[in-house]
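Please consult the sequence and structure shown here while reading.

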Amino acid sequence: GVSAAADGDDAGSEDGAAYDVVVLREVMAPKGTKVVFWVDDQPGNNAEYIQAVERSGTSVVCCTSTEDAVEALKMYRWLLFLKDSDIRIVTDMVRNEPLFDPATAPAPNHLAGVHFIQHVRSNLCLTHHVLIFCTNYQRCKETCDAHVAVDDRVNITTTTQDLICFLSFGNHWKDEEQERRGCHLC
């Protein structure tokens with residue numbers, strides 16, 4: 001972003017009058033009404049998938065922390081009111097981020113995905129499709145079962161096939177393995 005001064009700084013005019021400095025941030029507007037919010041503290045790990053989604057005409061908003069993702073969803077909340085908007089959320093389960101206090105040093109938060117889903121559901125009242133893209137399905141499932149209701153709007157996967165299906169907004173043919181497992185992400 002661009003700023004003229006740090007948050008909270010006052011500047012003065014030549015005549016001595018004080019005024020607040022406005023801090024500007026660059027905000028990317030979605031290209032269309034299909035938007036994926038992708039929450040991962042290591043977005044480079046998903047660069048190939050993100051580029052493919054963007055080539056298909058879907059906008060991707062990348063966030064590296066729960067806090068950033070919540071702010072981005074608030075900023076793009078107007079999308080919810082568009083008749084033909086479709087929003088999907090991809091999150092990892094574990095993120096390095098400040099625990100409870102943004103002033104603290106980042107540490108592994110093994111419940112980051114759960115905390116994000118809880119916040120999105122309770123504070124933002126969003127019920128959009130969420131995919132937890134993780135490395136250990138069983139541990140993630142057990143964690144989610146203990147902390148958040150997993151339903152047809154919250155899915156967990158470790159496979160790129162399921163991820164691609166989810167990101168295609170229903171424009172993807174299921175492969176035999178997805179059919180066998182009863183995958184309903186597409």
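## Helix H1 and the segment after it

Which residues of helix H1 (residues 47–55) are buried? In this predicted model, they are Tyr49, Ile50 and Val53. Viewed down the axis of H1, these buried residues fall within an arc of 100°, so they line one face of the helix. Their packing partners are E5, E6, strand E10 (129–133) and helix H5 (160–167). The face of H1 turned away from the buried side carries the exposed residues Glu48 and Arg55.

Just after H1, Gly57 adopts a positive phi of about 100°. Thr58 is found in the loop between H1 and E6. Thr58 counts as buried because its relative accessibility is 4%, under the 20% limit. Not counting residues up to four places away in sequence, Thr58 touches Lys34, Val35, Val36, Val53 and Phe169. Of these, Val53 also belongs to the buried residues of H1.

## Overall composition

The chain contains six helices and 11 strands. Of its 186 residues, 36% are buried. Among contacts between residues at least 6 apart in sequence, 57% join residues at least 24 apart.

Helix H2 (residues 66–75) has Thr66, Ala69, Val70, Ala72 and Leu73 as its buried residues. Down the axis of H2 they fall within an arc of 165°, so they line one face of the helix. The cover over these residues includes strand E5 (34–39), strand E6 (59–63), strand E7 (86–91), strand E8 (95–97) and helix H3 (112–122).

In helix H4 (residues 137–147), the buried residues are Cys140, Thr143 and Cys144. Down the axis of H4 they fall within an arc of 95°, so they line one face of the helix. An α-helix has 3.6 residues a turn, so residues three or four places apart point the same way. The buried residues of H4 pack against H3, E10 and strand E11 (154–157).

Leaving aside neighbours within four places in sequence, Glu97 is in contact with Ser65, Thr66, Pro106, Ala107, Asn109 and Ala112.

Asn109, one of those contacts of Glu97, is found in strand E9 (residues 107–109). At 8% relative accessibility, Asn109 also counts as buried. The side chain of Asn109 reaches the backbone nitrogen of Ala112 at 3.2 Å. The C-alpha atoms of Asn109 and Pro98 are separated by 8.1 Å, the two residues being 11 apart along the chain.

Asn123 lies in the loop between H3 and E10. With a relative accessibility of 49%, Asn123 counts as partly exposed. Its side chain makes a polar contact of 2.6 Å with the side chain of His119, and a polar contact of 3.5 Å joins the side chains of Asn123 and Ser122. The C-alpha atoms of Asn123 and Val70 are 9.5 Å apart, although 53 residues separate them along the chain.

Rolling a probe the size of a water molecule over the atoms shows where empty space is left. How many cavities of 30 Å³ or more does a search of the whole structure find? The search finds one, and the largest cavity has a volume of about 60 Å³.

The lining of the largest cavity consists of Phe37, Leu73, Lys74, Tyr76, Arg77, Leu80, Ile87, Leu124 and Leu126. By class, the lining residues are seven nonpolar, no polar and two charged.

Definitions and conventions: Residues numbered from 1 in each chain as written. Predicted model: local features only at pLDDT ≥ 70, side-chain atom pairs only at ≥ 80, totals over all residues. Heavy atoms only, no water. 1 Å grid on protein atoms, 1.4 Å probe; cavity = no way out; pocket = protein on both sides within 12 Å on 5 of 7 lines; lining within 4 Å. Points joined across faces, edges and corners; volume = space filled by probe spheres on them. Nonpolar A, V, L, I, M, F, W, Y, C, P; charged D, E, K, R; others polar. Buried < 20%, exposed > 50% of the residue type's maximum accessible area, 1.4 Å probe, protein only. Helix = DSSP H or I, 4+ residues; strand = E, 2+ residues; numbered from the N terminus. Arc of directions from axis to C-beta. Contact = heavy atoms within 4.5 Å. Polar contact = N/O pair within 3.5 Å; in protein donor to acceptor, adjacent residues only side chain to side chain.
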